[in-house]
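User: Could you walk me through this one? I'd like to learn how to read the features, one by one.

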Amino acid sequence: MWYDGWAQLAFLLAVLLLAAKPLGSYMAKVFQMQRPPLLGRIFGKAESAIYAMAGLRPDDQQDWRQYAVACLAFNTIGFAFLFILQMVQQHLPLNPAHQAGVGPALAFNTAASFVTNTNWQNYSGETTMSLLTQMLGMTVQNFLSAATGIAVMAALIRALAAKGTGKLGNFWVDMVRSVLYILLPIAVLLSVVLASQGVVQTLRADVTVHTLSSSAVAGGAAETKTAATQTIAMGPVASQEAIKELGTNGGGFFNANSAHPYENPNGLTDFLEMLAMLLIPAASCFTFGEMISDRRQGHVLLATMTAIFIVCAALCFTFEQQRNPLFPSIVGQHHTALAAGGNMEGKELRFGPANSAIWTCIATGTSTGAVNSMLDSYTPFGGLIPMWLMKTGEVIFGGVGTGLTGMLITAMVAVFLCGLMVGRTPEYLGKKIGAFEIKMVSLAILIPPALTLIGTAVASVTPSAVASVGNPGPHGFSEILYAMTSMSNNNGSAFAGLNGNTDFYNILGGLLMLAGRFWSIIATVALAGSVAKRKASPPNVGTFPTHTPMFGVILAGTIALISGLIFLPALALGPIAEGLMQVVH
Amino acid sequence: MRSIIRPCLTIFLLLGLLTGIIYPMAITALGQVIFPFQANGSLISRSGSPTQSQKTAAGSVLIAQNFSGPGYFWPRPSATSPPYDADNSGGSNLGPRNPALVKKVASAIARLQKADPGDKARIPVDLVTSSGSGLDPDISPAAAYYQVPRVARARHVSPASLRRLIRQSIEMPWLGFFGERYIDVLELNIRLNRLCRKLQKPSDHPLRK
């Protein structure tokens, strides 16, 4: 029915808002160094032990340079470990399917991808990675890259709340507390529920079954014998699936990602996985409000995200419920109670077009990039929407930590634009936004689009890169544009017809992901350092209020303006051209 | 610089151990103890009862397998190569205007019509398009009803009894609206075998000959 998408959307957002508020307050406690109730008792001793072994004093405060160096050093270790782990996996235990070592170009791409929270995958999980690599490589980075995002967010919020100290907190402490008190407990709960619903969790790599039609059947009619056996890949999926969604990572255990029935078997798991993607990004808005002691500031950011999300999701599921005009008329494409209908190529029947479209908007608005349907087969305009959501810099809820960080940076652009119009020095939360802040904000906002467009341009004129394209016409260009957008913005979803496992895409893509992630982090931490040194001035009549619906509208306009101005020409060559061809047909 | 190296390595090692070994192993242990059927892939035997042994398993409730004879309900087309390869999942990734997609749909239509030449009914779109995973275990109720004339003729059973079987096999989405109504093809075919066995005299049973 036409209202199915709306009902799912409304239910999801209602549960999200109910769950995000308490989680947000709880996260504020975690980052204000209070002892979290219950979990503090369970993990308190472990936390102190970790600091003792690491030789840390947890109340040591870092300035922005120390914080940034710690962050980069930690991620370098993570990158090196994952890179080597993949290449030597054939010599290590827990490799029941005897996967070979991964080649250096692919290992580079994958290490860059998982360390940067992108989870772009140029490999097919079930035929490439050993169970040990999946656990000790992928699952670990799912936690650590998410925690890195949360730590940087905590630093920026502290900077906005700071009274001229210039200190941002302690990176090591933020990492440890993010994992122990936020990510791990929720992941444990979620993975157990997922396992109860049919998400596999075993140390077997596969089973081989004798299929039902492999022997004679009752009824007399001759049954043509089909493949007598079927080998079914398995593994410790539930534990990875939980953190994959919760940490907005998105890298699938299987090639088909969350479209695979062992990753996402039914409506309940689908709902929980969607909720998990949105949970921490939405809660972060409440965390922000609590930590700066002005909840309204967080509410307006969350309201803006939610409003843009609803518009995108509704447009996307409307497009995906359209019939394909090129199919013969004997194909029934109408949606009824007994038939999903709509654009079903690349979609799972249990989800259908409406649910799949909502999932896609969540996975691209957040930086997850997980898919429960294949985006390459979306209608032209249906596929335009996830592409645009990534191009906003992933601030429509956004990645864990990075979403709110991006939104705060966009808010500074918005007050700067307003300040220019009325001729006043821009301020955000009482802190002056000066030349240095605007430089860092501009870097953080412009680096991913620059990488996207340069990457697309280079790929479009490189014959070996064009040869990777899987579809003819403007859709082929969309595949390249989508890939570059996804990697530069650390999303990880794909128009997967593009063959990315070539030296060109492995190396260029790895560099884009690393640059997109860490240049933005350095700019953000530098921004935080400068903001933390400024004293807040009390509001006066001339202060532009940033907690009002009016500001929400300006913020939404800023997002649309930036992404629209930068990307309209590129989009016109890909999805828009294809969409117009579809209309004319 | 030394002040960085020690926390860097220690914290990476400890958090890595916690999230990469202890966490997945603990969840595996929990899953194997509390939900052994689900954690091991929802495998069922030829009679439809849960099993965990490779020897007795006829397939997984959650994974499509190939049915191509006229006497079984068919799943959705699979874009993996070979089709229904549960060791290498994936979709076709064909764009909506790609001529290869139109051709693929046309050949799926031709295959259905060849197996049941008289049938000029509308074909539900899910039965001619391939799923995202290539392993979609379900078809829409409409797609099951569409296949009734063919299966009834091949199995010498009445269409009405098959329609009853389908009606009883329809699964509602979670909460009634989160997703679409669906029918699990493997379970439907196991029920179909059971129905046909019941209708037959024991001496005709092919498995006992």
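User: Which strands pair between chain A and chain B, and how do they run?

Analyst: Two strands pair if DSSP finds at least two bridges between them; strands (E, at least two residues) and helices (H or I, at least four) are DSSP runs, numbered from the N terminus. Here strand β3 of chain A (residues 331-332) is joined by two bridges to strand β3 of chain B (residues 123-124), and the strands run parallel. V331(A) has I123(B) as its bridge partner.

User: What should I know about the model and its numbering before going on?

Analyst: It's a predicted model: local features need pLDDT of at least 70 and side-chain atom pairs count only at pLDDT 80 or more, while totals for chains, interfaces and linings use all residues. Residues are numbered from 1 along each chain as its sequence is written, chains are lettered from A and ligands numbered from 1 in the order in which they are written, and side-chain values use heavy atoms, with hydrogens and water left out.

User: How many residues of chain B are in contact with chain A?

Analyst: Contact means heavy atoms within 4.5 Å. By that rule, 113 residues of chain B touch 132 residues of chain A. Buried area is the accessible area (1.4 Å probe) that two parts lose on being put together, summed over both; for this pair of chains that's about 9900 Å², with carbon and sulfur atoms giving 65%.

User: And how many salt bridges cross the interface of chain B and chain A?

Analyst: A salt bridge needs a side-chain nitrogen of Lys or Arg within 4 Å of a carboxyl oxygen of Asp or Glu. The rule finds two across this interface. D136(B) forms a salt bridge with R350(A), their closest N and O atoms sitting 3.9 Å apart. As for where chain B's side comes from, helix α1 of chain B (residues 2-34) gives the largest share of what touches chain A, 22 residues.

User: What is phi of L38(A)?

Analyst: It's near 60°, a positive value in a residue other than glycine. You'll find L38(A) in the loop between α1 (4-31) and α2 (39-54) of chain A.
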